[in-house]
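Here is a short briefing to read alongside the model. Take a look at the fold, and then we can walk through some of its features together.

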Amino acid sequence: MSDRQQQLTQLKHHFARRVYEQARNIVNSWGQLSQVHWQEVWFQEFTESATKLLILAERHDLGLLAEAGKQLTDLLAQAEADAPPSSELLEQLNTIISQIATACSRATDDMALKQVSAGRKPVYLCFNDAGQAAALKEQMAFFGIPAQIFSRREGLDKAILARLPAAMVVDTNFTNQGVALVADLQTDLRAPIPVIFYSAHPPTVLTRLAVVRANGIALYVGQVDVDVLIEQLVGVYSLHSDPPFRVLVVDDSRSQAWHAEKTLNSAGIFTRNVNDPFAVLDVIESFNPDAILMDIYMPGCMGPELAQVIRQQGKYDAIPILYLSAESDIDKQLEAVGRGGDDFLTKPVARNVLIATVLNRCRRYRGLREQMRRDGLTGLIDHNNTLEALTKLIGQNSATPVSLTFVMIDLDRFKQVNDTYGHSMGDRVIRAMALYLKQRFRLTDVIGRYGGEEFALVLPDTNEATAALLLDEVRIGFEQLAHHQGQVAINVTFSAGVATWQPGEDSAALARRADLALYRAKSNGRNQIAIASELPD
């Protein structure tokens with residue numbers, strides 16, 4: 001590539017990053033709806049951001065984002081600034097936001113990690129110990145996290161004025177006043193900077209309290225746990241695009257159900273109203289709610305009776321059921337809760353109380369469900385759920401075929417790591433591998449811990465060649481990553497097998513071909529990627 005072509009490519013990436021940054025702002029703003037609620041100031045700012053995205057995407061010829069921006073602005077034109085949208089419009093808006101989030105997560109497919117890093121806001125490292133800061137900066141670079149080091153207050157002040165960081169990591173003893181310095185910086189900011197503090201010595205309760213007041217999201221004592229630190233910093237850059245909560249409202253009064261729907265919609269919660277209690281079981285099956293909001297007194301079926309019917313279905317036993325009723329008798333409320341309910345709200349209930357109560361129940365329920373399907377060490381989905389996701393995507397592919405690739409990954413000579421350095425070091429390596437994969441792959445990709453030191457990826461709309469190129473970059477980067485435990489530091493490699501789905505193939509057959517490719521990579525010397533289609537018959 002000529003210098004001219006290289007300059008044009010870099011310029012194109014530079015302007016594309018501006019567009020994707022705008023798109024990320026929209027996704028994150030939408031994710032904050034449960035905290036800020038649908039109100040005029042938020043709506044106006046959100047609409048302006050959507051319009052800006054449309055203009056930028058059209059200007060720089062980013063077709064997918066331009067189309068999504070147009071659909072988003074058209075939908076927002078149907079909404080009212082001072083009143084939450086209907087459930088139908090809310091779901092339409094969320095669908096477009098999901099498309100924008102997917103486009104953002106795919107924006108780095110053809111970019112090296114250095115290019116990804118170059119488009120991000122830096123993390124400011126404020127340490128008295130320059131060597132400690134330099135070592136941390138080097139580790140962060142492997143995960144695409146850019147950093148700037150500061151040893152004096154003056155340089156930090158100038159940098160803050162020029163560009164706000166994505167986050168800060170600050171020694172509490174930085175220039176002898178780390179916490180107070182950060183608190184002072186935060187006072188003039190519209191939105192506080194997330195700060196991770198480090199203290200070489202056990203802090204007092206007063207210091208811990210000052211850390212909280214300075215918007216400290218964590219405080220490390222004695223030694224920085226690099227793995228956990230980087231995981232927190234990766235979260236700073238992540239898109240906040242979790243699926244909205246879904247609440248089933250059961251009330252024979254259409255006006256009461258409508259009022260509850262509007263209230264919950266204002267916090268971005270999807271709702272479905274059921275006025276006939278005898279239709280509830282069918283709607284639960286199709287709607288898959290995170291909570292049920294139910295009246296006590298309904299014709300033909302009392303709320304507690306319906307709750308018991310729901311609880312008879314094992315798969316619905318844990319869904320939170322909240323009663324919303326004008327009943328003020330405490331004994332009757334307690335009786336209702338004792339018969340299959342989880343909470344009781346008395347009408348009229350304050351809007352914020354209803355939203356907060358429902359959100360807390362939804363978060364807890366979804367969190368428990370996620371814990372059941374995820375590996376405790378890495379937070380990745382487990383073996384069975386990885387194969388379940390693969391089977392589901394193959395089913396979708398049968399209707400509308402696109403490239404679908406399955407990858408098997410295995411850490412090389414991992415038994416030697418455990419035998420030589422102990423299982424705690426082995427756990428560090430496994431967590432680092434999981435974090436490295438989460439950092440480099442997309443929101444639409446499925447990343448699972450297949451078992452032990454094995455991992456699996458399900459990559460929609462990705463062929464073998466593209467997957468192999470991306471994995472090879474990940475392999476090279478991971479090989480250079482140092483895993484620390486006390487004074488000991490080691491490097492570990494991995495091998496991978498890549499297979500793209502073929503029409504008529506089930507998940508077991510696809511996984512078997514990927515496993516054979518992995519075996520070939522191992523037998524050829526490890527620390528390499530093998531492609532199933534290149535294996536001899």
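Let's begin with a strand that is covered on both faces: in β16, F494, A496, V498 and T500 on one side and S495, G497 and A499 on the other are all buried. Please keep in mind that this is a predicted model.

- Strand β11 (residues 404-411) pairs with β16 in the antiparallel sense over 7 bridges. Here D410 is found opposite S495 of β16.
- β16 is also joined to strand β17 (residues 529-531), this time by 3 bridges and in a parallel sense. In this pairing, A496 stands opposite I529 of β17.

**An open parallel sheet**
- Five strands make an open sheet in the order β2-β1-β3-β4-β5, with parallel pairing.
- The edge strands are β2 (147-150) and β5 (216-221); each has a single partner strand, so one side of each lacks a neighbour in the sheet.
- From one strand to the next, the twist averages 15 degrees.
- Strand β1 (residues 123-126) runs parallel to β2 and is joined to it by 4 bridges. One of the residues involved is C126, whose bridge partner in β2 is F150.

**The cavity**
- How many cavities of 30 Å³ or more does the structure hold? There is 1, and the volume of the largest cavity is about 50 Å³.
- Its lining consists of V249, V250, D251, Q256, A257, A260, L293, M294, D295 and L324.
- The elements giving two or more residues to this lining are β6 (246-250), α12 (254-265) and β8 (291-294). Of these, α12 gives the most, with 3 residues.
- By class, the lining of the largest cavity has 7 nonpolar, 1 polar and 2 charged residues.

**Cysteines**
- A disulfide is a covalent bond between the sulfur atoms of two cysteines. A search of the whole structure finds 0 of them.
- Are C301 and C362 buried or exposed? C301 has a relative accessibility of 10% and so counts as buried, and C362 is buried with a relative accessible area of 0%.

**Backbone details**
- Most residues other than glycine have a negative phi, and most peptide bonds are trans.
- N215 has a positive phi, near 65 degrees, although it is a residue other than glycine. N215 sits in the loop between α10 (205-213) and β5, and it is partly exposed at 27% relative accessibility.
- R526, also not a glycine, has a positive phi of about 70 degrees. The loop between α21 (507-523) and β17 holds R526, which is partly exposed with a relative accessible area of 31%.
- K347 and P348 are joined by a cis peptide bond, with omega about -10 degrees. P348 belongs to the loop between β10 (343-346) and α16.

**Helix α16**
- N352 lies in helix α16 (residues 351-373) and is partly exposed, with a relative accessible area of 48%.
- N352 and A267 are 85 residues apart in sequence, while their C-alpha atoms are 9.6 Å apart in space.

Definitions and conventions
Residues are numbered from 1 along each chain as its sequence is written. This is a predicted model: local features need pLDDT of at least 70, side-chain atom pairs count only at pLDDT 80 or more; totals for chains, interfaces and linings use all residues. Side-chain values use heavy atoms; hydrogens and water are left out. A disulfide is a pair of cysteine sulfur atoms within 2.5 Å. Buried means under 20% relative accessible area, exposed over 50%, partly exposed in between (1.4 Å probe, protein chains only). On a 1 Å grid over the protein atoms alone, a cavity is a set of points where a 1.4 Å probe fits but cannot get out, and a pocket is an open set with protein on both sides within 12 Å along at least five of seven lines; lining residues have an atom within 4 Å of a point. Grid points are joined across faces, edges and corners, and a volume is the space filled by probe spheres set on the points. Ala, Val, Leu, Ile, Met, Phe, Trp, Tyr, Cys and Pro count as nonpolar, Asp, Glu, Lys and Arg as charged, and the others, Gly among them, as polar. Two strands pair if DSSP finds at least two bridges between them. Axes are lines fitted to C-alpha atoms, for helices over the stretch in contact, and angles run from 0 to 180 degrees between N-to-C directions.
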